[in-house]
Amino acid sequence: MDLLNTLVEKGLRRELPTREEALAVLATSDDELLDVVAAAGRVRRHWFGRRVKLNYLVNLKSGLCPEDCNYCSQRLGSTAEILKYTWLKPDEASKAAAAGVAGGAKRVCLVASGRGPTDRDVDRVSRTIEAIKEGNEGVEVCACLGLLSAGQAERLREAGADAYNHNLNTSEATYGAITTTHTYADRVDTVRQAQAAGLSACSGLIAGMGESDADLVDVVLSLRELDPDSVPVNFLIPFEGTPLAKEWNLTPQHCLRILAMTRFVCPDVEVRLSGGREVHLRTLQPLALHLVNSIFLGDYLTSEGQAGQADLDMIADAGFEVEGTETTTLPAHRRDTAGGGCGPVCGARDDEGTASHGTGGHPGGCSPCGGTGRDGGEEPRDGAEAARSAGAPGQDGGNHMPGARPGARTDLVTVRRRGAGTDLAPNA
Ligand code: SF4
């Protein structure tokens with residue numbers, strides 16, 4: 001297939017595919033699916049071998065967000081029966097992080113709901129970063145606190161943060177239909193602030209929100225231009241109690257095509273399979289390891305993932321290996337470019353390996369990469385109380401979503417009831 005040969009050659013050269021080529025990947029048939037996976041897999045192996053980086057989410061502050069991101073179970077007006085709690089203390093967060101590191105995670109992602117942090121919030125997250133770094137040698141810490149104000153990225157960097165996550169989520173053209181309380185430009189601005197402060201930028205997307213293939217290509221092309229070091233690809237988890245609860249638009253096959261397209265457009269960056277992989281890829285998850293070089297271990301912010309041991313078994317059974325702290329994730333040409341990412345649109349870098357940054361656009365987060373915001377005025381409560389207030393398990397005896405409809409796999413959506421913010425052990 002000429003298209004795939006061309007895309008492999010471009011990926012090995014870090015050359016940008018055309019918009020038409022990226023769209024053509026999404027338009028391939030199921031008969032061509034394994035050819036698409038094999039081609040994008042060649043690009044993945046060229047830059048990252050068979051290594052899989054594990055990341056571990058710690059939800060520092062859950063629910064009660066004043067923003068209105070339609071995809072998010074923590075949004076303003078959400079009736080999803082998720083855990084709701086205010087800031088974890090540094091020792092609580094450090095304990096949760098240590099469980100992830102013990103399970104094989106190389107990066108800990110500290111996420112808080114809300115529009116963006118206050119300076120006081122940055123102080124408390126700084127203390128948390130210090131506690132995690134003290135207790136876990138060599139661990140990378142990424143903060144995901146929402147929209148940043150002047151000077152906050154620098155303060156997080158000084159506290160020891162390695163990276164900052166803020167997703168673009170969807171195309172600039174459709175952003176207004178997903179969120180009205182902040183703009184696409186706000187998100188781009190925060191990613192740039194993180195890069196300017198020397199933080200490694202992490203910015204990605206959410207697929208399955210009713211967008212077109214053209215929107216998906218547009219957001220991935222914008223990410224390449226924005227040049228993050230890591231690109232999380234989330235698949236919408238349609239929570240009951242949110243505006244997108246009925247949006248079951250993805251098939252496992254199309255999820256693989258989306259991941260392949262992202263790999264071709266961002267060949268040499270950490271492409272991370274993120275929220276929704278169990279729900280939408282289901283038994284095809286192992287094939288995705290041929291496309292991505294990074295996944296989350298265990299649970300997400302407000303929903304449960306498969307058991308951490310199942311993640312490790314899947315990686316081993318598929319012939320991949322968990323990346324250790326002694327290995328640098330990014331290829332050599334990217335390592336000295338703090339804040340650099342997919343590579344500029346032209347695909348070229350200068351001899352020093354510095355990226356030229358273009359304009360671009362980021363998901364807020366929280367699914368799983370969380371958004372940020374100011375306190376909603378909630379009072380601290382202990383984990384047990386938080387779990388109780390989140391509601392009782394569903395009628396089937398678990399925490400599954402009610403109201404399944406044809407095509408929907410609500411049976412696979414399980415509200416998180418363990419780990420951070422509860423008295424129960426984390427899944428790692
Ligand atoms: S994605 Fe972040 S900012 Fe948006 S509603 Fe969720 S927690 Fe709030």
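## Arg 272 and the annotated site around it

Arg 272 is located in strand E8, which spans residues 270-273; strands (E, at least two residues) and helices (H or I, at least four) are DSSP runs, numbered from the N terminus. The model is a predicted one, in which local features need pLDDT of at least 70 and side-chain atom pairs count only at pLDDT 80 or more, while totals for chains, interfaces and linings use all residues. Residues are numbered from 1 along each chain as its sequence is written.

Arg 272 counts as buried because it has 26 C-beta neighbours inside 10 Å. A residue is buried if 20 or more other C-beta atoms lie within 10 Å of its own, exposed if 12 or fewer, and partly exposed in between, with C-beta atoms placed from the backbone. Leaving out residues up to four places away in sequence, Arg 272 touches Asn 55, Ser 230, Val 231, Pro 232, Val 233, Val 292, Ser 294 and Ile 295; two residues are in contact if their C-beta atoms, placed from the backbone, lie within 7 Å.

## Members of the first annotation

In an unreviewed entry, UniProt lists Cys 109, Cys 142, Cys 202 and Arg 272 under "binding site". These residues spread over 164 residues of sequence, yet they cluster in space, the largest C-alpha distance being 13.7 Å. UniProt positions are given in the numbering used here, feature names are shortened, and annotations may be inferred rather than shown by experiment.

Cys 109 belongs to strand E2, residues 107-112. With 29 other C-beta atoms within 10 Å, Cys 109 is buried. Apart from neighbours within four places in sequence, the contacts of Cys 109 are Asn 55, Tyr 56, Leu 57, Val 58, Cys 142, Cys 144 and Asn 165.

Cys 65 counts as buried because 30 C-beta neighbours lie inside 10 Å. For Cys 72, which also counts as buried, the number of C-beta neighbours inside 10 Å is 33.

## Packing of H1 with H3

Two packed helices are described by the angle between their axes and the distance between the axes. For helix H1 (residues 2-13) and helix H3 (residues 33-48), the axes come within 9 Å and cross at roughly 10°. Axes are lines fitted to C-alpha atoms, for helices over the stretch in contact, and angles run from 0 to 180 degrees between N-to-C directions. H1 and H3 are therefore roughly parallel to each other; angles under 35 degrees count as roughly parallel, over 145 as roughly antiparallel, 65 to 115 as roughly perpendicular and the rest as oblique.

The crossing of H1 and H3 is right-handed. A crossing has this hand if the near helix is turned clockwise from the far one by less than a right angle, and is left-handed if anticlockwise. From H1, Leu 4, Leu 7, Val 8, Gly 11 and Leu 12 meet Asp 35, Val 36, Ala 39, Arg 42, Val 43 and His 46 of H3. The residues of this contact comprise seven nonpolar, two polar and two charged. Ala, Val, Leu, Ile, Met, Phe, Trp, Tyr, Cys and Pro count as nonpolar, Asp, Glu, Lys and Arg as charged, and the others, Gly among them, as polar.

## Packing of H9 with H10

Helix H9 (residues 213-226) packs against helix H10 (residues 252-265) at an angle of about 30°, and their axes are 10 Å apart. This angle makes H9 roughly parallel to H10. H9 passes H10 in a right-handed crossing. In the contact, Leu 216, Val 217, Val 220, Leu 221 and Arg 224 of H9 meet Ile 258, Met 261, Thr 262 and Val 265 of H10. By class, the contact of H9 with H10 has seven nonpolar, one polar and one charged residues.

Leu 259 is also located in H10, and it is buried, with 27 C-beta neighbours inside 10 Å. Leu 259 touches Val 233, Leu 273, Ala 288, Leu 291 and Val 292, not counting residues up to four places away in sequence. Leu 259 lies 12 residues from Val 271 in sequence and 8.2 Å from it in space, C-alpha to C-alpha.

## The chain as a whole

The protein chain has 15 helices and 10 strands. Of its 428 residues, 56% count as buried.
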